[in-house]
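Notebook open, structure loaded. I want to look up a few side chains and the metal sites, one entry at a time.

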Amino acid sequence: MKIKVLKDILSANEQIAQANRHLLNSKGVFAVNLMSSPGAGKTSLILETIKALKSKVKIGVIEGDVSSSLDAALIGKEDVPVVQINTGGECHLDANMVSNAISNMPLQDIELLFIENVGNLICPAEFTLGEHKKILISSIPEGDDKPFKYPLMFNKADAVLINKIDLLPYLKFDIQAFSQAVKGINGKAEIFQISCVTKQGIQEWTSWLLTKMSRK
Amino acid sequence: MHELAITQSMFELVLEQAEKAKAKKVDKINLVIGEMTGVVGDCVQFYFNFLSQGTLAEGATISFAMVPPKAQCQNCDETFELKEFDWTCPKCGDNKLQIVAGQELFVESIEVE
Ligand SMILES: Nc1nc2c(ncn2[C@@H]2O[C@H](COP(=O)(O)OP(=O)(O)O)[C@@H](O)[C@H]2O)c(=O)[nH]1
Ligand SMILES: [Mg+2]
Ligand SMILES: [Zn+2]
C-alpha cells in the first residue's frame with residue numbers, strides 16, 4: 001500500500017522554531033541568526049556591534065560551536081548575557097538547541113539576541129531557529145564566487161555582510177560581480193561592506209539593524 | 001554534512017505516518033530532494049539503516065528523486081536550469097532570478113504492508 005505523505009522532512013524543526021519565535025516575541029526580543037564559514041568574522045561582528053550599541057540596546061548572545069567555549073569567553077568580557085551551545089559534532093544549530101539555550105537566558109533583560117551559528121555555509125541554511133533575521137557574513141579572503149557555490153545560503157539571507165573589506169587592496173575580489181550575483185538570486189538582501197578592524201561600515205550595519213528592530 | 005539530522009527527522013516522520021496507517025512494515029520511502037540542499041543520498045541510506053534497526057522501518061529502501069535547481073527570470077518569465085557559474089536568463093540575459101526548484105526536502109510517499 002502506498003501512502004501519500006507530502007511532508008517537509010524538517011517540519012518538526014520548523015514547529016520548534018515557531019515556538020521559539022513566539023516566546024521571543026512575547027518577551028520583546030529581536031533575534032539574529034549569524035551564519036558564515038569558519039573565521040569570516042561572526043564573533044568579531046558581535047563584539048563590534050555590542051561596542052556600538054551597548055549604551056542603547058540590551059544585548060544577549062548564544063554561541064554555537066562544535067566543541068569549544070572560546071568565543072563565549074570573549075563575549076562574556078563585554079558583560080552581556082551569553083550562553084554556549086556545544087553541538088557535540090553537529091555542523092549546525094537547530095531549533096531545539098536554541099530552545100534549550102533561551103530557557104537559560106534572562107529574556108526580560110534582552111532586546112537584541114545574537115545567535116552565532118556553527119561555521120559552515122551549507123547545513124545552517126536548512127535549519128530555522130526562530131530568528132527574525134538571517135545574516136550571512138562572507139569575507140574578502142574567501143573569494144567572490146561564494147554565492148555560486150552556496151546559493152541556498154545566499155538565497156535565504158536578509159542581509160549579506162562583506163567583511164574584512166580592509167583586505168581588499170591585497171586580494172582579488174570583485175565586489176561588483178559578487179553583489180550582482182547576490183542580488184540576482186535574492187533581490188531583498190541588503191549588502192554591506194564592513195571591516196571589524198577599521199570599523200568601516202559598522203555604523204551603516206547597526207543603523208540598519210536598529211531600523212529592523214523597531215519595525216518588528 | 002547534516003545528513004544525520006535530516007535522516008533522524010525523516011525517520012521520525014516515516015514512523016509516525018506508518019503507525020498512523022497501522023502498517024506492519026515499511027518497504028520503501030520516496031523522497032524528493034532538491035540538489036541545492038547538498039544532501040547525499042548514500043549517507044541518508046547509511047544513517048537510516050542504523051536508526052531503523054528493530055523498528056517497522058528496518059530494511060526499507062529509500063528512493064531519491066533529485067530535483068535540479070531551476071530559476072525563473074523576473075524580467076521575461078522564462079524558466080531554466082541554473083548552471084553553476086552562469087546566472088543569467090538564456091532568453092533575455094537578465095540576472096534577476098527567482099529560484100523555483102532545487103530546494104525541496106520532503107517525503108513524497110511511503111510504501112507499506
Ligand atoms: N583583517 C581583518 N581581520 C578580521 C576582520 N574581522 C575579523 N577578522 C579576523 O578574522 C579572524 C576570525 O574572526 P572571528 O570573528 O573569530 O570569526 P568567526 O569564526 O566567524 O567567529 C580573527 O583573527 C579576526 O581578528 C576584519 O574586518 N578584517
Ligand atoms: Mg566565532
Ligand atoms: Zn529573461
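Is B:Phe48 buried or exposed? I checked this before anything else, keeping in mind that the model is predicted. B:Phe48 comes out buried, as its relative accessible area is 0%.

**Entry: the partner ring in chain B.** I looked at B:Phe11 next, and it counts as buried because its relative accessibility is 9%, where the cut-off is under 20%. The ring centres of B:Phe11 and B:Phe48 are 5.8 Å apart with the planes at 80°, so I put the pair down as edge-to-face. I then asked what this pair ties together. B:Phe11 belongs to helix α1 (residues 3-20) of chain B and B:Phe48 to helix α2 (residues 41-51) of chain B, so parts 37 residues apart in sequence are tied together.

**Entry: aromatic pairs elsewhere.** I searched the whole structure and got seven aromatic pairs over all chains. One of them is A:Phe154 with A:Phe178, edge-to-face, at 5.9 Å centre to centre and 80° between the planes. A:Phe154 sits in helix α6 (residues 151-156) of chain A and A:Phe178 in helix α7 (residues 175-185) of chain A, so this pair ties together parts 24 residues apart in sequence. I checked burial here too: A:Phe154 is at 1% relative accessibility and counts as buried, and A:Phe178 is buried at 0%.

**Entry: zinc.** Which protein atoms hold the zinc ion (ligand 3)? I found the SG atoms of B:Cys73, B:Cys76, B:Cys89 and B:Cys92, lying 2.3 to 2.4 Å from the ion. The angles among the four donor atoms run from 103 to 115°, and I noted the site as tetrahedral. For comparison I jotted down that the ideal angle for four tetrahedral donors is 109.5 degrees. Along the sequence, the donor residues are spaced C-x2-C-x12-C-x2-C. B:Cys73 is in strand β3 (residues 70-73) of chain B, and B:Cys89 is in the loop between β4 (79-81) and β5 (97-101) of chain B; the two are 16 residues apart and link distant parts of the chain. I have both B:Cys73 and B:Cys89 down as buried.

**Entry: magnesium.** The magnesium ion (ligand 2) is coordinated at 2.1 Å by A:Thr43 (OG1), A:Asp71 (OD) and A:Glu116 (OE). I wrote the donor spacing along the chain as T-x27-D-x44-E. A:Thr43 is in helix α2 (residues 42-53) of chain A and A:Asp71 in helix α3 (residues 70-76) of chain A, so that pair ties together parts 28 residues apart in sequence. A:Thr43 and A:Asp71 are both buried.

Notes:
Residues numbered from 1 in each chain as written. Chains lettered and ligands numbered in written order. Predicted model: local features only at pLDDT ≥ 70, side-chain atom pairs only at ≥ 80, totals over all residues. Heavy atoms only, no water. Donors = N, O, S within 2.8 Å, 3.2 Å for Na, K, Ca; no water. Tetrahedral: all angles 85-135°; square planar, octahedral: opposite > 155°, others 65-115°. Helix = DSSP H or I, 4+ residues; strand = E, 2+ residues; numbered from the N terminus. Buried < 20%, exposed > 50% of the residue type's maximum accessible area, 1.4 Å probe, protein only. Phe/Tyr/Trp six-rings, centres within 6.5 Å; stacked < 30°, edge-to-face > 60°.
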